[in-house]
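Good morning, everyone. Please look at the chain on the screen, and I will walk you through it.

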Amino acid sequence: MSLVYAYTRHREPTSGEVVLSGNEWEASRAPMTEVVAMTLRTWAGTCAVDPGLGVAWAAVNRLAPGATATVQYVISQALARYVSAGLITGLAVAATQAASTRIDYVVSFRDPRMDGGPLRITGAF
């Protein structure tokens, strides 16, 4: 068992939103997973505190040829800050055209401060 290196507010598992009732801190089970998920939910340029946070989803045209490659690129660019800081390693992004207007993606990485295998986040745009 490893030591806890991060604490977080209790969050709603499906949305990632902070649950305000109780207002308690808890040991984060996967700190960088929370950070990566928050980054994927944020459109680039919309965070007033950190304008560089987020994915450039506006650059993706789901109907254009190569849309899956564009999704892979914009996600990789958004997460590059964590890779260069050494906060995550082994970043891999895959995207597939699931429907004419939907692209599914899978992001996998490792948190070097945690024991265990790769962490995985899936989503759709």
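**Cysteine 47 and the rest of the fold**

Leaving aside neighbours within four places in sequence, cysteine 47 is in contact with Thr42 and Leu53. Contact here means heavy atoms within 4.5 Å. Cysteine 47 sits in the loop between helix 1 and helix 2.

A word on the source. This is a predicted model, where local features need pLDDT of at least 70, side-chain atom pairs count only at pLDDT 80 or more, and totals for chains, interfaces and linings use all residues. Residues are numbered from 1 along each chain as its sequence is written, and side-chain values use heavy atoms, leaving out hydrogens and water.

Now the overall layout. The chain has 2 helices and 5 strands. From the N terminus, the order is β-β-α-α-β-β-β. These elements are DSSP runs, numbered from the N terminus: helices are H or I with at least four residues, strands are E with at least two.

3 strands form an open sheet in the order 3-4-5, and the pairing is antiparallel. Strand 3 and strand 5 stand at the edges with a single partner strand each, so one side of each has no neighbour in the sheet. Two strands pair if DSSP finds at least two bridges between them. Strand 3 and strand 4 pair over 8 bridges. Valine 93 has valine 107, in strand 4, as its bridge partner. Helix 2 packs on the sheet and touches strand 3 and strand 4.

What about the inside? The largest nonpolar core has 25 residues. Such a core is a set of buried Ala, Val, Leu, Ile, Met, Phe, Trp, Tyr and Cys residues joined through side-chain atoms within 4.5 Å. Which element gives the largest share of this core? Helix 2 does, with 7 residues. Ile75 and Val107 have the most contacts inside the core. Beyond its neighbours within four places in sequence, isoleucine 75 is in contact with Leu40, Val55, Trp57, Val93, Tyr105 and Val107.

One last residue. Proline 31 lies in helix 1. Proline 31 is buried, because its relative accessible area is 11%. Proline 31 and methionine 114 are 83 residues apart in sequence, and 9.2 Å apart in space, C-alpha to C-alpha.

Definitions and conventions: Buried means under 20% relative accessible area, exposed over 50%, partly exposed in between (1.4 Å probe, protein chains only). Axes are lines fitted to C-alpha atoms, for helices over the stretch in contact, and angles run from 0 to 180 degrees between N-to-C directions.
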